[in-house]
Structure formats: C-alpha cells, structure tokens
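Work through the exercises below with the sequence and the model open. Try each task before reading its solution.

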Amino acid sequence: MRIDPTLLDDLEWRGLVAHSTDLDALRDALGQGSVKFYVGFDPTAPSLHMGHLVQILTARRLQEAGHTPYALVGGATGMIGDPKEAGERIMNAAETVQEWVGRVRGQIEPFLSFEGDNAATMVNNLDWTAPMSTIDFLRDIGKHFPVNRMLARDVVKSRLESGISYTEFSYVLLQSMDYLELHRQHGVTLQFGGSDQWGNLTAGVELIRRTESAKVHAIATPLMTRADGTKYGKTDGGALWLDPEMLSPYAFHQFWLNAEDVKIGELLRVFTFLSHEEIEALEARHAERPFLREGQKVLADEVTTLVHGADETEQAKAAAAALFGGGELSGLAGATLGAALREAGAIEVSSGAELPSVVDLLVETGLARSRGEARRTITEGGAYLNNHRVEDPEQVPTADDLLGGTWLVLRRGKKNFAGVEVR
RNA sequence: GGCAGGUUGCCCGAGCGGCCAAUGGGAACGGACUGUAAAUCCGUCGGUGUACACCUACGAAGGUUCGAAUCCUUCACCUGCCA
C-alpha cells in the first residue's frame, strides 16, 4: 500500500481538522508509513446519523491514503454515555446496547476495506473493559486523572449547576483507556473524533504520555451546523439516520437536495470524495447560477450513493423528478407515479365503499399528526390533492380523482408528499 | 439526616385561588415572495367535534374549596447550605 503524502493537506482543505495536537509531528508520522488510527462510535441509538458519517468518511479517507483503521464500537462506553450539556442521559438496557453494537458495526463496515496490507479491524471496548476489576481500574487508570483538571472541562463545568453523576463524570476515563489499550495492543497512534470529543481525545493522549511516555496524536473534525449555527439533521423522523428503515433513501436524498446555498461548498468538501478541482469548479458554477441548484443535486447524488448505493439514488432522483416536476400529475405514466409515491411514502386503502376524507388521509399518511392539525392545514391553504389546493375541509376524494385509476397524491406544504394507493 | 429552593406544554420560561389550554421567546408547521436556497412578512402551534362545548394536561397521589397550575399533606426526583 502506497502512502499518499498529501493526506493531511487534503483534510485541512476540506475543513476536517478543527482541532489537533502537534500537527507537524502528525504530518511526519503520516509521511513515514501506515499509521494505525482509531475512531469510536457509541451505540446510543439503533442507527448512526449524519454526525457519525463525517467520522466514517474521514476514516475512509485515511485508509485510502494508506493508513490502517481500527473502528471501535463502544459496547462499554455506550453503557455509560458521555456527558452532554443538556443533562444526564437515560441509561439504556444492556441488551439494547448490545443489539445496537451489532447494528452500528454493520453500518460502518461497508465504508472500510478489510483486505490488504492496511485492512481495517473492528473492535469493541467491552472486550477489555468488562473483565477489568474496579481496583485495577482505579489504580491503573484513575490514578492518572487529576479531578481538578477533569472539573475544568467545559462539559463538566456546564453541568456542575444542574448536576452530573459520577457515572458520566467517569466517561472520559473509559475512552482514554480505549486509546491506551489500542496503543498497547495494536500500536495505534492516532485517534480522531468530532470536536465535541476533543476533551476525551486529549485525555487519551495524555494518559498514554503518562503511562507509556509515548507521544501519540489526535485530531477533531468540526461540528456540522446550519447557516444559522444550529445543529443539523433535525428532520421529521428526528436525526438524519443512515439506516434506510429509519429514514428512507428518498428522504435522505431530499435532505441534501435542500441544503443551504452558503453551505454547499463545505458539505461537498466534507461529505464527498470529489477532487479539489471538481468541487471548486462546481462552487464557481453554483455561485454564478444558484437557482439551477447544481451544487445541491451533485451533493445529494454523491452522498446518497455513498450511503445507500447507486440504485437507491436513481430511484430517489426519479421520484423527486416526478413529484416536483411541476406538471400535471395525470400526465405521468402509472408505473412512474407509483414508484415515486412508494419512495416518498405511501399507504394503501381498500376501494370498498367510499374513500376516506382528505382530513383522514392526511392523518393516515402521517402528513398531519391529528385530525385537528389536518383540518388546520387545509384551512391554512397548505393541503393539496393531486397538486391542486384543497379548499374544503370536508372534501372527500372521488373515483374521478384517482390517477391511473389507483393513486391519490397528497401534499402538505411545498415538499411533503404522500401517496394513497386505492385497490 | 436537617434546613432552604425547585419540578409548567417539543425546549427555555412566566403565572402563584376564578378572566388559564395557560403570557413571552425558540423550535416546528402553513401561506406570501422564490430556486424543493437564505432572509423577510403574515398565520398556526394539546385532543375530539368545531359555534358556544367537552376531554386530557402544569412531577405523582390524596385533600381543602362552589372553583386549584396556583393553598394543605404525603411521596419521588433535582439543586444549594449544614451534619
């Protein structure tokens, strides 16, 4: 495996290095051979999301440049949970965490190569944490953590008023121990993670310096935020999940397609493997004619392909083209329409007696949470049947409304579609 | 263990016996303008029927009262001070 000497420059160009320990020393290390690095993922949900994707893709960039990944799934740390400002976490049941370990592992594996000189390795920190005795933990690990320094960390400081349990307070010891363990067992000398992990990353570096007198490295990727500084990824279903069961490839594709203009360059750099030249050219074209939305389209296609594959991307694109085409829906071929609606989300209704009212259909398709909300939406002029605004809250679709004899297209607002298949 | 303060709708946060489904801000949703962008403006924002109504809600359970988010009792949890 050849080592790509431009790796670190590329990461910096992409804005992926928000914090770092001695960057020159890291540059030297990366130039001298395949560096063994690790990145950890805690199973705190049944799926990873957009924030984790930054780490996964960064790991892949490092591997493609010749370095050797150790992808850690936190079977142990996931049982604890790192402290966050919002407050104490609710602990998940052990069985739940173990199930999520499997799912998370399955989501990471497709992005890494497990063959060749720098094959990736999956590890689980439960393997070395569970067998350890409390005494050993306190003597071998705890001894190296001055509480006054731990208290000075921002997350902890912010929690001193509202309260923080010893459990969460101790999280940093576990993660630091992971780095130490991987360093001892496998010679890992680089850890990276999100910038919110910076405190945990440097704690590990320091633990290794204290116990092994070794100099190891850490870098943190930036936190991705919207143009107004708020967190990304809040869609209807919650976060921007990578699991297609939790967020359809269509919805995933739509998310990127709706990216803000000012974020296009940043997102292309972080989430695609396009070259510098391609990205810069695209940015230039996008700046000149933003209304063409070329940047959003390329971004959406690239990222969806990375996560869900080319086939799913094509289907998501076709669905969007059909639904957002602007033309009369009745002009669409039945098969195209059906496929598009199934992508966007569709329900089935029996053609028995009379069709449910628009209000009921809005609720059943999930476009509205309650009948009151559905009614309100219609009153506000935000409900559409087959792309025609619904004026009457009592309206009931008739057989004449069925497109191709089977489909009703419901829309709430500008971009929330749902299909109703009558059979 | 003692004393003091706190627990309000998705989040923050007012309310401190009736005029409270509960002020305000944020988030979210819809409309207008647009490019499935941003910003801006307007509207909506517990549920059922929608007119007035009813139901469920202000940590939990009881109680006082014609009437309680608001007062009392007990319990749970959180914070601070003292042991």
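**Exercise 1.** Is Thr-365 buried or exposed, and why?

*Solution.* The model is predicted, and local features need pLDDT of at least 70, side-chain atom pairs count only at pLDDT 80 or more, while totals for chains, interfaces and linings use all residues. Residues are numbered from 1 along each chain as its sequence is written, chains are lettered from A and ligands numbered from 1 in the order in which they are written, and side-chain values use heavy atoms, with hydrogens and water left out.

Step 1. Apply the cut-offs: buried means under 20% relative accessible area, exposed over 50%, and partly exposed in between (1.4 Å probe, protein chains only).
Step 2. Thr-365 has a relative accessible area of 17%, so Thr-365 is buried.
Step 3. Helices (H or I, at least four residues) and strands (E, at least two) are DSSP runs, numbered from the N terminus.
Step 4. List its contacts (heavy atoms within 4.5 Å). Not counting residues up to four places away in sequence, Thr-365 touches Ile-347, Leu-410, Ala-418, Gly-419 and Val-420.

**Exercise 2.** Which backbone oxygens lie by the side chain of Thr-365?

*Solution.* Step 1. Use the rule for a polar contact: a pair of N or O atoms within 3.5 Å; within protein, one must be able to donate a hydrogen and the other to accept it, and residues adjacent in sequence count only if both atoms are side-chain atoms.
Step 1. The backbone oxygen of Leu-361 is reached at 2.8 Å.
Step 2. The backbone oxygen of Leu-362 is 3.1 Å from a polar side-chain atom of Thr-365.

**Exercise 3.** Describe the surroundings of Ile-279.

*Solution.* Step 1. Ile-279 belongs to helix α15 (residues 276-288).
Step 1. Because its relative accessible area is 0%, Ile-279 is buried.
Step 2. Beyond neighbours within four places in sequence, Ile-279 contacts Trp-13, Arg-14, Leu-268, Arg-269, Thr-272 and Leu-274.

**Exercise 4.** Why is strand β6 called largely enclosed, and which strands pair with β6?

*Solution.* Step 1. Five of the five residues of β6 (residues 217-221) are buried, so the rest of the structure largely encloses this strand.
Step 1. One side carries His-217, Ile-219 and Thr-221, the other Ala-218 and Ala-220, and both faces are covered.
Step 2. Strands pair if DSSP finds at least two bridges between them. Strand β1 (residues 19-20) runs antiparallel to β6, with two bridges; His-19 has Ala-220 as its bridge partner.
Step 3. Strand β5 (residues 190-194) pairs with β6 in the parallel sense over five bridges, and Leu-190 stands opposite His-217.

**Exercise 5.** Characterise the protein surface near RNA strand B.

*Solution.* Step 1. A residue is near a strand if one of its heavy atoms lies within 4 Å of it. Of the 31 residues around RNA strand B, Asn-258, Asp-261, Arg-375, Arg-412 and Lys-414 come nearest.
Step 1. Sort the residues: Ala, Val, Leu, Ile, Met, Phe, Trp, Tyr, Cys and Pro count as nonpolar, Asp, Glu, Lys and Arg as charged, and the others, Gly among them, as polar. The surface has eight nonpolar, 11 polar and 12 charged residues.
Step 2. Helix α20 gives the largest share, four residues.
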